[in-house]
Amino acid sequence: MRDNEHTGLDLAIGTKTPGFTAIGIFLCFGAVMASLAATTLLWRGTVLDRVWVLNPMAYKQLAPLGNTVGVLFLVLAATLTTAGIGWFQRRLWGWRLAVVIIATQVLGDVVNCVRGDWLRGGTGVIIAGALSLFLLRPRIRATFT
């Protein structure tokens, strides 16, 4: 095949959009943040506890649940790490896992709206909804095997 003769699949697989890379970084960043939350909830009194200054309300709600929530954050971190790896390796399971993660986020944001937290819930629905639309684009889906 000559350089100028490419199939649609060749073009889809060969092209990485900035959005593609951003989603992978987003998954990895989420894994780091979930790991940090897990660490501070499971092992209290470390220097890392200072990060809760950024969201004291969340700490107030999560701290009483301690180890249980800490372990759940570890599971979330592992899930996000797995999705990030699959995403960058262009594996179909990585794409599917990313779609499930973002869909779960949309659902959680809808629940926040129903509970009356319109600002956070509505903002989350818009952002996670936009991410979902991006993930479900045929060109993005076509990059995964």
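1. Start with the way α2 goes past α4: the crossing is left-handed, a label used when the near helix is turned anticlockwise from the far one by less than a right angle, with right-handed for clockwise. By class, the contact between α2 and α4 holds 21 nonpolar, nine polar and no charged residues. Here Ala, Val, Leu, Ile, Met, Phe, Trp, Tyr, Cys and Pro count as nonpolar, Asp, Glu, Lys and Arg as charged, and the others, Gly among them, as polar.

2. A word on what you're looking at. This is a predicted model, where local features need pLDDT of at least 70 and side-chain atom pairs count only at pLDDT 80 or more, while totals for chains, interfaces and linings use all residues. Residues are numbered from 1 along each chain as its sequence is written, and side-chain values use heavy atoms, with hydrogens and water left out.

3. The overall layout is quick to describe: seven helices and zero strands, running α-α-α-α-α-α-α from the N terminus on. Helices (H or I, at least four residues) and strands (E, at least two) are DSSP runs, numbered from the N terminus. Of the 145 residues in the chain, 32% count as buried. Buried means under 20% relative accessible area, exposed over 50%, and partly exposed in between (1.4 Å probe, protein chains only).

4. Back to α2 (residues 18–42) and α4 (residues 66–88): their axes come within 8 Å and cross at roughly 160°. The axes are lines fitted to C-alpha atoms, for helices over the stretch in contact, and angles run from 0 to 180 degrees between N-to-C directions. The two helices are therefore roughly antiparallel; that takes an angle over 145 degrees, with under 35 as roughly parallel, 65 to 115 as roughly perpendicular and the rest as oblique.

5. How does α2 sit against α6 (residues 118–135), and what is the angle? They pack at about 125°, with axes 11 Å apart, so α2 is oblique to α6. This crossing is left-handed too.

6. Leu-36 belongs to helix α2 and is partly exposed, at 22% relative accessible area. Leu-36 and Leu-74 are 38 residues apart in sequence, with 9.0 Å between their C-alpha atoms. Over in helix α5 you'll find Ile-101, which is buried at 17% relative accessibility. Its C-alpha is 9.5 Å from that of Leu-76, 25 residues away along the chain.

7. Now the rings. There are four aromatic pairs, counted when rings of Phe, Tyr and Trp (its six-membered ring) have centres within 6.5 Å; planes under 30 degrees apart are stacked, over 60 edge-to-face and the rest tilted. Trp-52 and Tyr-59 have ring centres 5.2 Å apart and planes at 45°, so this pair is tilted. Trp-52 is buried at 13% relative accessibility, whereas Tyr-59 is partly exposed at 26%. Elsewhere, ring pairs join Phe-20, Trp-87 and Phe-144 into a cluster.

8. Arg-90 deserves a look. It sits in the loop between α4 and α5 (92–114) and is buried at 15% relative accessibility. Arg-90 is not a glycine, yet has a positive phi of about 55°; most residues other than glycine have a negative phi. Arg-90 also lies over the face of Phe-20, 5.2 Å from the ring centre. The rule is that NZ of Lys or CZ of Arg is within 6 Å of the ring centre and within 35 degrees of the ring normal. Arg-141 lies over the face of Trp-95, at 5.2 Å from the ring centre.
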